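Here's a quick briefing to read with the model open in your viewer.

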Amino acid sequence: MVGWVRVRSPPVLESKLLCLSLLYLLTTLPLALYVSFSDPGRRCLRLLPFPASPAKAALFEYPPGYGEHKHALPVPRAHCSSPVAFADYKIVLEDISGLCRNLSASASRSPVLRYQIGRRDTFAGNLSTEKRRSFFTHTDNQVEIPCGFFKEFPVPEADRLAMEKCRGVVVASAILNDYDKIRQPRGLGPETLATACFFMFIDDATHRVLARHGILTATQDARRGGGGGGVTTVGAWRVVTLRAGGLPYENPAMNGVIAKHLLHRLFPNARFSVWVDAKMQLTADPLLLVHALLVGKGVDVAVSRHPFNLHTMEEAIATARWRKWGDVEAIRAQMETYCANGLQPWSPSKLPYLSDVPDTAIIIRRHGLASDLFSCLLFNELEAFNPRDQLAFAYVRDQMSPKVSINMFEVEVFEHIAIEYRHNLKPDGGGGGKQRVTMMASSRDIAGSSCEGYLLKMWGESTE
């Protein structure tokens, strides 16, 4: 009698779910390995290796409880349509040093802005719309421009003198009301700390937190050739504590944009500047950024395009929707004012400007007449309305004369030259004023509005 032998498949293969899992693993593993072992940053940044230098310790050792690297935001993009190629580091050093020498030698011959001086009720003079607009066209270099400092910005004297001695590239940031962490730049070349000035502005609230963590120490600033007396440094940053009770605005964000947009006045002898919002951590050498994104493009300003918004009105709606500024009616009044005075949605006619909305977390500037005028005019709008600089950006840029040249580089590049972190959490959630319910726009809202034509063009419904 012939017996039947029943052959069973191994139990491990009987589970359909397990088989599907193995199939998924085998198909995705090669892709995962490719992504893991290829540097996504190099798809956007073409960086030559720095000259060999001795291994250096970290710029600063933070206490365990400070959490300077907590809450980094994810980066969704990896590919660039226009990657940025960085030149050799030694060539960059030579080029920037030569440019700074040449600019210093020609400063007395080049036209420069003259600034209004004196004392007024507010830091920027509380100018009317008509008065602010009267300075948009600058054809006479003898005309003095209002550019803040009608009230004191309380920089200690020793720091002010050090700021005046910065004659090349300044890298600056600010933390007010303990809104962010102080973070060290990464990817610095061996000569960058000795070549560029790094300044961090803080207020008393931030000072108290840093002191409580044992972060602030007075040191001799021999690294930058400073002599006599101690200065407060945290790694790369020289920390400037703005004197208590002397800040010109009650709102910390408005005090912050003084440093952000008036660096050419705070550092009158600097030739280039790199502004870094304190929520950002630089991961590329600032000298390389100046050379590749500014000097190499022959422009006055370099700033990233916004990742989502193209039109100013889109940014205004997002500002109200996400409570980036609490007074929604003030935003509406601002947009009505701008529409009544010529603001238009972005269109190809605005080229070479690629967008009306930047991401101003990092701003790279060549200090000169056009960029300085742009900064002054923009700051006057910020005092008039709110510190959301993206809302006034295109309004000033499109109507000022002489024109400012701007390299609005890809957001993918922005995401590979810095890491963005969340702000420190505040009980009131931040914001700039009383929180109100945000209403969605309808056709009845725009009928008769000065922005009706703008919105119809933006929506592609205009009959013009």
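A disulfide here is a pair of cysteine sulfur atoms within 2.5 Å. With that cut-off, a search through the whole structure, which is a predicted model, turns up three disulfides.

**The chain overall**
- The protein chain has 464 residues, and 48% of them count as buried.
- You'll find 17 helices and 15 strands in the protein chain.
- Take the contacts between residues at least 6 apart in sequence: 85% of them join residues at least 24 apart.
- The accessible surface of the protein chain is about 23400 Å², with 56% of that belonging to carbon and sulfur atoms.

**Cys147 and Cys376**
- These two form a disulfide, with the sulfur atoms of Cys147 and Cys376 sitting 2.1 Å apart.
- The link ties together distant parts of the chain, 229 residues apart: Cys147 is in the loop between strand E4 (144–145) and helix H5 (157–164), while Cys376 is in helix H13 (residues 369–384).
- The torsion about the S-S bond of Cys147 and Cys376 is about -80°, so this disulfide is left-handed.
- Cys147 counts as buried because its relative accessibility is 0%, and Cys376 is buried with a relative accessible area of 0%.

**Cys166 and Cys197**
- A disulfide joins Cys166 to Cys197, at 2.2 Å from S to S.
- Again distant parts of the chain are linked, here 31 residues apart: Cys166 lies in the loop between H5 and strand E5 (169–175), and Cys197 in strand E6 (residues 196–202).
- The link of Cys166 and Cys197 is right-handed, with 115° about the S-S bond.
- Both Cys166 and Cys197 are buried.

**Cys339 and Cys451**
- Cys339 and Cys451 form a disulfide with their sulfur atoms 2.1 Å apart.
- Cys339 belongs to helix H12 (residues 328–340) and Cys451 to the loop between helix H16 (443–446) and helix H17 (452–458), so to speak of distant parts of the chain, 112 residues apart.
- This link of Cys339 and Cys451 is right-handed, at 100° about the S-S bond, and both Cys339 and Cys451 are buried.

**Cys100**
- Cys100 is buried, with a relative accessible area of 10%.

**Strands E12 and E14**
- Strand E12 (residues 301–305) runs parallel to E14, and four bridges join them.
- Val303 stands opposite Met408 in E14.
- Strand E14 (residues 406–409) is covered on both faces: Ile406 and Met408 are buried on one side, Asn407 and Phe409 on the other.

How values were computed: Residues are numbered from 1 along each chain as its sequence is written. This is a predicted model: local features need pLDDT of at least 70, side-chain atom pairs count only at pLDDT 80 or more; totals for chains, interfaces and linings use all residues. Side-chain values use heavy atoms; hydrogens and water are left out. Helices (H or I, at least four residues) and strands (E, at least two) are DSSP runs, numbered from the N terminus. Buried means under 20% relative accessible area, exposed over 50%, partly exposed in between (1.4 Å probe, protein chains only). Contact means heavy atoms within 4.5 Å. Accessible areas come from the Shrake-Rupley method with a 1.4 Å probe; for residues, only the protein chains shown count as cover. Two strands pair if DSSP finds at least two bridges between them.
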